[in-house]
Every structure is written in C-alpha cells, then in structure tokens.
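Student: Hi, could you walk me through this one? I have not looked at it before.

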Amino acid sequence: MSHTLGIRQAQKQKTRQALLDAALGLLEEQSLSSLGLREVTRAVGVAPTAFYRHFRSTADLGVALVEEALGSLHPMIEDTVSAAGDSDERIARAVDLIARHVATYPAHVRFIARERHGGVQPVRAAIREQLARFAEEVKVALAEHPESAGWSDDDLLMLAGLYVDHMLMAASAFLEALEGSDQERERVACVTSRQMRLISIGRHNWLG
C-alpha cells in the first residue's frame, strides 16, 4: 500500500513540475495575467481539471514559480555578502553569482523581472516578501563586517535593500546581454562592479 502511495505521490509531483515548467515556457512571451490554465494543461497534455489538483489558480501557480525562482538563492546570497574577503572580493562574488544565475535560469529571471510590477497581486506580494527576506539576510551578514561598527539596524537594512535592488537591476542587465557578445557581458559585469563599488564608497562615508 505504501509503495503504491509513493508511486502516486511521485507522479503527482512530476505532473506539478511539468505544469510549472510549461507555464514558465509560455511566460517567455506573455505576462502571467494573460496566461490561461488551458494553455498550460494543453502544453503538458493533461485535462484542465487536473490543474486544480496542484494549484488553485494561475496566480497560485505564479506564487509557486516565485518560490522556485528565488527560494534557492537565499543561502547563496548570504555566502556572497559574508564577511570573508575585502569589499572588492565580495563585489566580485556578487557579480559572478548574478551572471551565473542569469545564464543558468534566464526564464526564471525574466519572470521575476516582468511580474515584480505585473498585474497579479499575489505574485507581486510573493516577490516583495522574498526580496524583504533577502534584505533581512543581507543586513545580518553586513552587520558582521568591521565597517558596520556604529551602524543602526535601520541604516543596515536600508543598505541591504540598496544591494538587493541593485542585484535585481544587474540581473536584468545580464539578461539583456545574454544573447549578445562576450564583450557586452563583460561590459555589464564591469558596470555592475563599479556601481556596487560606488555603494561601498558611500557606505564607508555614511557615518562621517
């Protein structure tokens, strides 16, 4: 009996992932607010009623895509802004993380970039919550840096938010450069590094 349940659960998970993958592919060319569940089920080859075994609505599916796109990034972001190394080394780690993530998951990055200010409120809220979590985690990591001595929690959170927002902007820039030349991607990396260095310089002079 337990073996049968295990097979059913594995099949259910497989179908759920297929729906997510199909939706992500369809969202390359349209926004979530215009996506119909029948489009998604047709792409997977299941009946429309099967959709509701996994998601309450396309908005619910969108929230799951937000978790898939951003959830796994939390430990990587924390490692990137950890106190290890000097400011330039941390910036280099951050730029490398952004570039690799965009190259590996371009559809997820495009989805977040489009839906962050899109027409589906639960998805906007889910993205906002994930970014707020990133800011809190970055704040905790920044507090470990020697140069954070004397900073208030509010100021550290503001700085963390600047870094998170800038990493999103950089991801969009890398996404646009993805189909360009190596020189274009190098230019984006260089500009991103310089912009993050500018934030770092401002940080060192904030309490002055």
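**A first walk through the model**

Tutor: Let us begin with Trp206, which counts as partly exposed because its relative accessibility is 45%, where partly exposed lies between buried, under 20% relative accessible area, and exposed, over 50% (1.4 Å probe, protein chains only). Before going on, note that this is a predicted model, in which local features need pLDDT of at least 70 and side-chain atom pairs count only at pLDDT 80 or more, while totals for chains, interfaces and linings use all residues. Residues are numbered from 1 along each chain as its sequence is written, and side-chain values use heavy atoms, with hydrogens and water left out.

Student: OK, and where is Trp206 in the chain?

Tutor: Trp206 sits in the segment after helix H10 (182-205), where helices (H or I, at least four residues) and strands (E, at least two) are DSSP runs, numbered from the N terminus. Together with Met158 and Leu207, Trp206 makes a nonpolar surface patch of about 320 Å². Patches of this kind are made of residues with over 30% relative accessible area and no salt bridge, with nonpolar side chains (Val, Leu, Ile, Met, Phe, Trp, Tyr) joined within 5 Å and like charges within 9 Å, and the areas come from the Shrake-Rupley method with a 1.4 Å probe, only the protein chains shown counting as cover for residues.

Student: Stepping back, how many helices and strands does the chain have?

Tutor: The chain has 10 helices and 0 strands, and its C-alpha trace spans about 65 × 40 × 35 Å along the principal axes. Of the 208 residues in the chain, 41% are buried.

Student: What does the largest nonpolar core look like?

Tutor: The largest nonpolar core has 58 residues, and Leu65, Val66, Phe111 and Ile112 are those with the most contacts inside it. Helix H9 (residues 153-177) gives the most to this core, with 12 residues. A nonpolar core here is a set of buried Ala, Val, Leu, Ile, Met, Phe, Trp, Tyr and Cys residues joined through side-chain atoms within 4.5 Å. In soluble globular proteins, nonpolar side chains tend to be buried together.

Student: Which residues does Ile112 touch?

Tutor: Not counting residues up to four places away in sequence, Ile112 touches Val66, Ala69, Leu70, Ile127 and Leu168, a contact being heavy atoms within 4.5 Å.

Student: What about Ile77, is that buried or exposed?

Tutor: Ile77 is buried, because its relative accessible area is 8%, and its place is in helix H5 (residues 73-80). Beyond its neighbours within four places in sequence, Ile77 is in contact with Leu97, Phe134, Val138 and Met167. Phe134 is 57 residues from Ile77 along the chain, yet their C-alpha atoms are separated by 7.6 Å.

Student: Which parts does the pair of Lys139 and Asp153 tie together?

Tutor: Lys139 forms a salt bridge with Asp153, with the closest N and O atoms 3.9 Å apart. Lys139 lies in helix H8 and Asp153 in helix H9, so the pair ties together parts that are 14 residues apart in sequence.

Note on methods: Salt bridge = Lys/Arg side-chain N within 4 Å of Asp/Glu carboxyl O.
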